[in-house]
Amino acid sequence: MKINDKDLDINELTKDIYNDKNMIKMRGNGIYLSDNQIEVLKKYNIDYTNYASLSSLIFEIEEILNEETDIEDLEEVSGKLAEINYYNYTNK
């Protein structure tokens, strides 16, 4: 395809979209995580496959955050998961 006199390969342009490490995917037990979030969880030895729900995973993360300080990456994951949990599993 040509746009503004440049040849563009649509497959090349879209491959980053589908391989994006920030894309949230169902991982099992009703838990949606991105590859980047999984990497952060692994960094703190949190195995998301051991949790039966997103709420229980968030609870474990919050327990760690209560004990440790200055864990910004884990705090960010916790916030995103809490947001997903709210919008998907809270009766409004």
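1. **Basis.** The model is predicted: local features need pLDDT of at least 70, side-chain atom pairs count only at pLDDT 80 or more, and totals for chains, interfaces and linings use all residues. Residues are numbered from 1 along each chain as its sequence is written, and side-chain values use heavy atoms, with hydrogens and water left out.

2. **Fold.** The chain has 4 helices and 4 strands. Helices (H or I, at least four residues) and strands (E, at least two) are DSSP runs, numbered from the N terminus. Along the sequence the order is β-β-α-β-β-α-α-α. Of the 92 residues in the chain, 25% are buried. Buried means under 20% relative accessible area, exposed over 50%, and partly exposed in between (1.4 Å probe, protein chains only). Contact means heavy atoms within 4.5 Å. Among contacts between residues at least 6 apart in sequence, 34% join residues at least 24 apart.

3. **Helix H2.** H2 spans residues 35-43, and Gln37, Ile38, Val40 and Leu41 are buried in it. Seen down the axis of H2, these buried residues fall within an arc of 160°, so they line one face of the helix. The arc is that of the directions from the helix axis to the C-beta atoms. On the other side of H2, Lys42 and Lys43 are exposed. The cover over the buried residues of H2 includes strands E3 (25-28) and E4 (31-33), and helices H3 (54-67) and H4 (72-89).

4. **Gln37.** Leaving out residues up to four places away in sequence, Gln37 touches Ile24, Tyr32, Val77, Lys80 and Leu81.

5. **Helix H4.** H4 has 18 residues. From first C-alpha to last it reaches 25 Å, close to the 26 Å expected at 1.5 Å a residue. The expected span is 1.5 Å times one less than the number of residues. Leu74, Val77, Ser78, Leu81, Ile84 and Asn85 are the buried residues of H4. Seen down the axis of H4, they fall within an arc of 130°, so they line one face of the helix. An α-helix has 3.6 residues a turn, so residues three or four places apart point the same way. Glu72, Glu76 and Tyr87 are exposed on the other side of H4. What covers the buried residues of H4 includes E4, H2 and H3.

6. Asn85 lies in H4 and is buried, at 18% relative accessible area. Not counting residues up to four places away in sequence, Asn85 touches Leu54, Ser55, Ile58 and Thr90. Ser55 lies in helix H3 and is partly exposed, at 41%. Ser55 and Ala82 are 27 residues apart along the chain, and their C-alpha atoms are separated by 8.0 Å.

7. **Largest pocket.** How much space lies in the largest pocket? The value is about 170 Å³. A pocket, on a 1 Å grid over the protein atoms alone, is an open set of points where a 1.4 Å probe fits, with protein on both sides within 12 Å along at least five of seven lines; lining residues have an atom within 4 Å of a point. Grid points are joined across faces, edges and corners, and the volume is the space filled by probe spheres set on the points.

8. **Pocket lining.** H2 and H4 each supply at least two of the lining residues. H4 gives the most, with 4 residues. The lining divides into 3 nonpolar, 4 polar and 3 charged residues. Here Ala, Val, Leu, Ile, Met, Phe, Trp, Tyr, Cys and Pro count as nonpolar, Asp, Glu, Lys and Arg as charged, and the others, Gly among them, as polar.

9. **Positive phi.** Asn45 is not a glycine, yet has a positive phi of about 55°. Asn45 is exposed, with a relative accessible area of 74%. Asp70, also a residue other than glycine, has a positive phi near 60°. Asp70 lies in the loop between H3 and H4 and is exposed, at 71% relative accessible area.
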